[in-house]
Amino acid sequence: MSLNDILSLLRISLHAMVPLALTAVGEIVGETAGLFNIGLEGILLLSAFGGALAAPHGGPVVGLLVGMGTGAVVSLVFAVINTYWKGTQMVTGIGINLFAMGFVAFGLIQLGAPGFHDVPKAFELTKLRTPMGLMSPMIGIALVLPFVLYWFLRRTRAGLMLKAAGEMPEAADVAGINIHRIRLVAAVFGGVLAGLGGAYMSIAWLGVVTKDLSAGRGFISLACVVFSGLNPLLALLGAFIFGFFQALAEWVKTLPSKPIPGEIVSMLPYLITLLVVSGAIGRVRFPKALGTPYKRE
Amino acid sequence: MSSVESSAQSRWLRGIRRTVTGLHPVSESLLAAVVGLLVGAVLMYIYGFDPWRAYVGLIKGAFGGSYELASTISRATPLVLTALTFSICLRAGMFNIGAEGQMYMGGIASVLVAYFVLPRGLHQIVGLLFAAFAGAAWSLVPAFLKLTRGVHEVISTIMFNWIARWLALYLAIFVVVDPRRPEKTLSIPISARFPVLVRGTDLSYAVFVSVAFALAMYFLLWHTAIGYEVRAAGLNPSAARYGGIRSKRTMLLSFVLGGVAAGLAGASIVMGLPPTYAIYGGGGLPQLMNLGFDGMAVAMVGRNHPIGILVAAVFFGGLNAGGRVMQFYGANPVPLEMVRVVMGAIVLTMSVPELIRLFPMIRRRGEDLFGILRRARRTERRESA
């Protein structure tokens, strides 16, 4: 393993980290306010598809914006069902995932090439030349955003209001916070970030949409959230670890000697996720009202 | 006299209202199905298809004759079992999303009977036992992770789905592979296959396995003490613990039962679906793919009740079977994937509690107004008296 190999491994892991970090950090905001969205997987898939469709009509930035919009719309549906209509959050998430699986597969067939859709190279987000090789500018966003949100959640009035809505909605309601509205905003913000992560996958990283593009990333970022205990900085670290093992799996698969079958290597990120989560848990604590709809007495 | 009349009338009204309330779960499922089909219709319209013709094709393909009906029931067979996986655990208060992976493991395990020579009957039972054991073992790990390390079962079961998928692919391609046809696993020997029930269709005796399991689960959950404990632990964990129910035991039991159901679902495909009686490793396990996820939709529409699940599974089996016909019906080729869009929309709708009461907001507003008026009249009367 030469220095070059290490550098390329690092580069791939940073790229693989971006969607996980963005999604996980967005979900942290949502979970702080008390909404547990397991539909992230579906949001990633839908926004990757939406972004890829929009990119040829206005460039990569428009594609990313459309991806964010897709994430916002889907999570708005999720949030309305689970705030004003007091729905079951798990079931809504499962519904979003099923819908996304069906819709993207359906849409891909309608585009003519069953199974995958290439984003033309001209409409992909340009990668920057750095000493480490070509890097997507989105890596910078994914590295900075967790710090901003860390500050926002701990040091601002709005962040503390979010926390109150997740910890003890009754008290927050008495204090004059509109629980439903604040949860809705938090969930939509999380959806926007997940949408950005999804559009990044198709426009700025892989350049292709397949019907299983998200490949469990939504759930891996949920695992990041669990691992982090709602701390955006730890979530970034978790996203990097999982990104690294995804990159490692891809790297082992391309080795000419094929020491391990590809099917076994592909399990690696999921196994590591499980191991890390089962090792990290126990010390983390979650908002008291996480996952329960708020009903006024 | 007038008061007697009015009380008789109100008893009638109350009876009707109670019946309607009792039927709420059913009407909510129906409403969700309608909403799902409408969402599908809108999407088809946007993409330039004729939704009406597509649904006509779908219904004809699902329930249009004895052949279509048989293939609908054949599609429903594994869905009943994977739906039970989800709903048994939900009744115990947990979200077991792992039916998909547990089903892969069950399917692979039942292929192992190809290495044995056993008399007919015993061979099938051995295959089912293998599948049940593999499914249960695969679902016990998340259960133990939850018990010992507090890992949320949604995350662990999803990770296990992906691990199971790659493991099953690996086993299908390298281990239990048919040496003469490397694209598939060994075929189940004839003595271990479920015979075909209706000639010329792919409906086999496996359907009895899934119906029997559903009825057994109904009996277990609603007519035994242990089933009562499982449901009590799901309804209110702290009250159940206070009442002396060991929640760890009910949790493990529900996960084992769920795993058994999912494993049997895999076996029902491998041992009971003509013509291959094998798993295709190439193309990513096409016969098994997504049965676990579809099962969750079935469980929701079946209101997590075994009998409801049987009905809902026929509906979704019909969607799947009819979807195949819809693809080729009347120059209006709507892809099969539309069926899963409809399923997702149905589950989304089902996640809204008391759907029936939510939609006619106006009615509730009206009732509020009515109540205020009545109260006002009562106080008026009291004041005059």
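Biologist: How close do the axes of helix H2 (residues 24-46) of chain B and helix H3 (residues 51-63) of chain B come, and at what angle do they cross?

Modeller: Two packed helices are described by the angle between their axes and the distance between the axes. Axes are lines fitted to C-alpha atoms, for helices over the stretch in contact, and angles run from 0 to 180 degrees between N-to-C directions. Helices here are DSSP runs (H or I, at least four residues), numbered from the N terminus. In this predicted model, local features need pLDDT of at least 70 and side-chain atom pairs count only at pLDDT 80 or more, while totals for chains, interfaces and linings use all residues. Residues are numbered from 1 along each chain as its sequence is written, and chains are lettered from A in the order in which they are written. The axes of H2(B) and H3(B) come within 9 Å and cross at roughly 130°. That makes H2(B) oblique to H3(B); angles under 35 degrees count as roughly parallel, over 145 as roughly antiparallel, 65 to 115 as roughly perpendicular and the rest as oblique.

Biologist: Which residues of H2(B) and H3(B) meet?

Modeller: Two residues are in contact if their C-beta atoms, placed from the backbone, lie within 7 Å. From H2(B) come B:Leu37, B:Ala41, B:Met44 and B:Tyr45, and from H3(B) B:Pro51, B:Ala54 and B:Tyr55. By class, this contact has seven nonpolar, no polar and no charged residues. Nonpolar covers Ala, Val, Leu, Ile, Met, Phe, Trp, Tyr, Cys and Pro; Asp, Glu, Lys and Arg are charged, and the others, Gly among them, polar.

Biologist: At what angle do H2 (residues 40-54) and H9 (residues 217-228) of chain A cross?

Modeller: Their axes cross at roughly 135° and come within 7 Å, which makes H2(A) oblique to H9(A). A:Leu40, A:Glu41 and A:Leu44 of H2(A) make the contact with residues of H9(A), including A:Arg217 and A:Phe219. The classes are four nonpolar, two polar and two charged residues.

Biologist: Is B:Gly266 buried or exposed?

Modeller: A residue is buried if 20 or more other C-beta atoms lie within 10 Å of its own, exposed if 12 or fewer, and partly exposed in between. B:Gly266, in helix H11 (residues 247-272) of chain B, has 35 such neighbours and so counts as buried. Among its contacts beyond four places in sequence are B:Met103, B:Ala131 and B:Leu288.

Biologist: How many residues of chain B are in contact with chain A?

Modeller: There are 39, in contact with 39 residues of chain A. H7(B) supplies the largest share of the chain B side, 13 residues.

Terms used
Helices (H or I, at least four residues) and strands (E, at least two) are DSSP runs, numbered from the N terminus.
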